[in-house]
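Here is a short briefing to read alongside your model. It starts with the packing inside and then turns to the charged pairs.

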Amino acid sequence: MCIIIVKNSRMDLPDKEILKRCWNKNPHGAGFMYNYNDVVIYENLQINDKLYKLKNQSVVFHFRISTSGKIDEGNCHPYPLTDDSIYLRKTNLRCSIGIAHNGIIQKYNRKDSVLNDT
């Protein structure tokens with residue numbers, strides 16, 4: 001099953017050892033998102049930590065184990081809430097609502113599809 005970490009504001013980011021263990025258990029991809037001035041941002045963690053002081057932000061991390069769809073960066077949660085498959089697969093973006101889930105959403109995608117079940 002996938003791993004989701006939610007870091008509340010005013011807490012430190014998870015240390016590198018925790019992130020490494022999550023990656024080792026769920027090696028099919030990882031992503032993160034946070035909200036800054038009502039915009040959900042998915043961009044480089046280290047750069048954004050310096051720019052936006054992520055200790056002050058709530059951050060959601062997701063580590064993937066593939067159940068359907070291609071194993072690549074475009075299928076890593078969190079996702080923007082959209083039905084546009086091109087926008088959905090972007091890896092650096094800003095949007096108004098982002099989502100991540102843990103589990104399998106059945107009947108929406110074939111196992112051999114490029115997109116995963118989300």
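Eleven residues make up the largest nonpolar core: Ile5, Leu19, Cys22, Phe32, Tyr34, Ile41, Tyr52, Leu54, Val59, Phe61 and Phe63. A nonpolar core here is a set of buried Ala, Val, Leu, Ile, Met, Phe, Trp, Tyr and Cys residues joined through side-chain atoms within 4.5 Å; buried means under 20% relative accessible area, exposed over 50%, and partly exposed in between (1.4 Å probe, protein chains only). This is a predicted model, where local features need pLDDT of at least 70, side-chain atom pairs count only at pLDDT 80 or more, and totals for chains, interfaces and linings use all residues. Residues are numbered from 1 along each chain as its sequence is written, and side-chain values use heavy atoms, leaving out hydrogens and water.

- A second, separate core has six residues, among them Val40, Tyr42, Leu93 and Cys95.

**Salt bridges**
- The whole structure holds two salt bridges, each a side-chain nitrogen of Lys or Arg within 4 Å of a carboxyl oxygen of Asp or Glu.
- Lysine 55 pairs with aspartate 12 at 3.0 Å, N to O, and these two lie 43 residues apart in the chain.
- Lysine 55 is partly exposed at 39%, while aspartate 12 is exposed at 55%.
- Aspartate 72 and arginine 89 form the other bridge, at 2.4 Å, N to O, and are 17 residues apart.

Definitions and conventions. Helices (H or I, at least four residues) and strands (E, at least two) are DSSP runs, numbered from the N terminus.
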